[in-house]
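Let's take a friendly walk through this fold, one piece at a time. Have the structure open as you read.

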Amino acid sequence: MPLRFGGNVSAAETDYGTVLLDEQAGAYWELNPTATLVVRTLLDGGEETEAAAALVREFDIDQAQALRDVETLVRELRDSGLVS
(Lines give C-alpha, C1' and ligand atoms only; values in the text may rest on other atoms or scores of the structure.)
Protein backbone atom coordinates (compact mmCIF):
# COMPACT_ATOMS: atom_id res chain seq x y z
CA MET A 1 0.00 0.00 0.00
CA PRO A 2 1.40 3.43 -0.90
CA LEU A 3 2.59 5.66 1.95
CA ARG A 4 2.04 9.26 2.92
CA PHE A 5 4.01 11.16 5.52
CA GLY A 6 1.98 12.55 8.37
CA GLY A 7 1.29 16.29 8.31
CA ASN A 8 3.73 16.75 11.18
CA VAL A 9 6.63 15.06 9.36
CA SER A 10 9.31 16.86 7.35
CA ALA A 11 11.74 14.91 5.17
CA ALA A 12 15.11 15.83 3.71
CA GLU A 13 17.26 13.58 1.54
CA THR A 14 20.96 13.61 2.30
CA ASP A 15 24.04 11.95 0.84
CA TYR A 16 23.49 9.15 3.37
CA GLY A 17 19.74 8.54 3.05
CA THR A 18 16.81 10.53 4.38
CA VAL A 19 16.25 12.40 7.62
CA LEU A 20 12.71 12.64 8.98
CA LEU A 21 11.61 15.13 11.59
CA ASP A 22 8.50 14.48 13.63
CA GLU A 23 7.74 18.13 14.36
CA GLN A 24 5.14 17.28 16.99
CA ALA A 25 7.41 15.02 19.03
CA GLY A 26 10.62 16.86 18.18
CA ALA A 27 12.24 13.57 17.18
CA TYR A 28 14.56 12.89 14.24
CA TRP A 29 14.69 9.62 12.35
CA GLU A 30 17.43 8.67 9.91
CA LEU A 31 16.74 6.29 7.03
CA ASN A 32 19.69 4.60 5.39
CA PRO A 33 19.88 4.36 1.58
CA THR A 34 18.04 1.03 1.59
CA ALA A 35 15.12 2.40 3.60
CA THR A 36 15.15 5.54 1.47
CA LEU A 37 14.70 3.45 -1.68
CA VAL A 38 11.76 1.63 -0.09
CA VAL A 39 10.10 4.81 1.16
CA ARG A 40 10.61 6.62 -2.13
CA THR A 41 9.03 3.72 -4.04
CA LEU A 42 6.02 3.67 -1.70
CA LEU A 43 5.61 7.46 -1.66
CA ASP A 44 5.58 7.38 -5.47
CA GLY A 45 2.55 5.07 -5.33
CA GLY A 46 4.30 1.71 -5.46
CA GLU A 47 3.21 -1.35 -3.52
CA GLU A 48 5.34 -3.24 -1.01
CA THR A 49 6.09 -5.93 -3.61
CA GLU A 50 7.41 -3.23 -5.96
CA ALA A 51 9.60 -1.81 -3.19
CA ALA A 52 10.96 -5.32 -2.52
CA ALA A 53 11.67 -5.78 -6.23
CA ALA A 54 13.57 -2.48 -6.23
CA LEU A 55 15.72 -3.77 -3.35
CA VAL A 56 16.43 -6.99 -5.23
CA ARG A 57 17.51 -5.04 -8.33
CA GLU A 58 19.61 -2.52 -6.43
CA PHE A 59 21.23 -4.76 -3.82
CA ASP A 60 20.98 -8.26 -5.30
CA ILE A 61 19.28 -9.79 -2.26
CA ASP A 62 16.75 -12.59 -1.92
CA GLN A 63 13.16 -11.60 -2.85
CA ALA A 64 11.64 -13.15 0.29
CA GLN A 65 14.12 -11.33 2.54
CA ALA A 66 13.53 -8.07 0.69
CA LEU A 67 9.77 -8.35 1.21
CA ARG A 68 10.23 -9.10 4.93
CA ASP A 69 12.51 -6.07 5.23
CA VAL A 70 9.96 -3.83 3.47
CA GLU A 71 7.12 -5.09 5.68
CA THR A 72 9.20 -4.51 8.82
CA LEU A 73 10.14 -0.98 7.79
CA VAL A 74 6.55 -0.05 6.91
CA ARG A 75 5.29 -1.47 10.21
CA GLU A 76 7.88 0.52 12.17
CA LEU A 77 7.10 3.75 10.29
CA ARG A 78 3.36 3.26 10.88
CA ASP A 79 3.84 2.35 14.56
CA SER A 80 5.92 5.49 15.06
CA GLY A 81 3.17 7.65 13.50
CA LEU A 82 5.44 8.96 10.75
CA VAL A 83 3.37 7.57 7.88
CA SER A 84 -0.15 6.53 7.10
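## How the helices cross

In this predicted model, helix 1 passes helix 2 in a right-handed crossing. Helix 1 covers residues 33-43, and its axis lies 9 Å from that of helix 2, at an angle of about 140 degrees. That angle is why helix 1 counts as oblique to helix 2.

Which residues make the contact? From helix 1 come Thr-34, Leu-37, Val-38, Thr-41 and Leu-42, and they meet Glu-48, Glu-50, Ala-51, Ala-54, Leu-55, Glu-58 and Phe-59 of helix 2. Sorted by class, this contact holds seven nonpolar, two polar and three charged residues.

Three strands form an open sheet in the order 1-2-3, with antiparallel pairing. Strand 1 (9-14) and strand 3 (27-31) are the edge strands; each has a single partner, so one side of each has no neighbour in the sheet. From one strand to the next, the twist averages 20 degrees.

Looking at one pair, strand 1 and strand 2 (residues 17-22) are joined by six bridges in the antiparallel sense. Val-9 has Asp-22 in strand 2 as its bridge partner. Helix 1 packs on this sheet and touches strand 1, strand 2 and strand 3, with its direction at about 95 degrees to that of strand 3.

## A look at Arg-57

Arg-57 sits in helix 2, which spans residues 48-59. Is Arg-57 buried or exposed? Its relative accessibility is 63%, so Arg-57 counts as exposed.

Technical notes:
Residues numbered from 1 in each chain as written. Predicted model: local features only at pLDDT ≥ 70, side-chain atom pairs only at ≥ 80, totals over all residues. Heavy atoms only, no water. Helix = DSSP H or I, 4+ residues; strand = E, 2+ residues; numbered from the N terminus. Buried < 20%, exposed > 50% of the residue type's maximum accessible area, 1.4 Å probe, protein only. Axes fitted to C-alpha atoms, helices over the stretch in contact; angles between N-to-C directions. Parallel < 35°, antiparallel > 145°, perpendicular 65-115°, else oblique. Left-handed = near helix turned anticlockwise from the far one by under 90°. Contact = heavy atoms within 4.5 Å. Nonpolar A, V, L, I, M, F, W, Y, C, P; charged D, E, K, R; others polar. Pairing = 2+ DSSP bridges.
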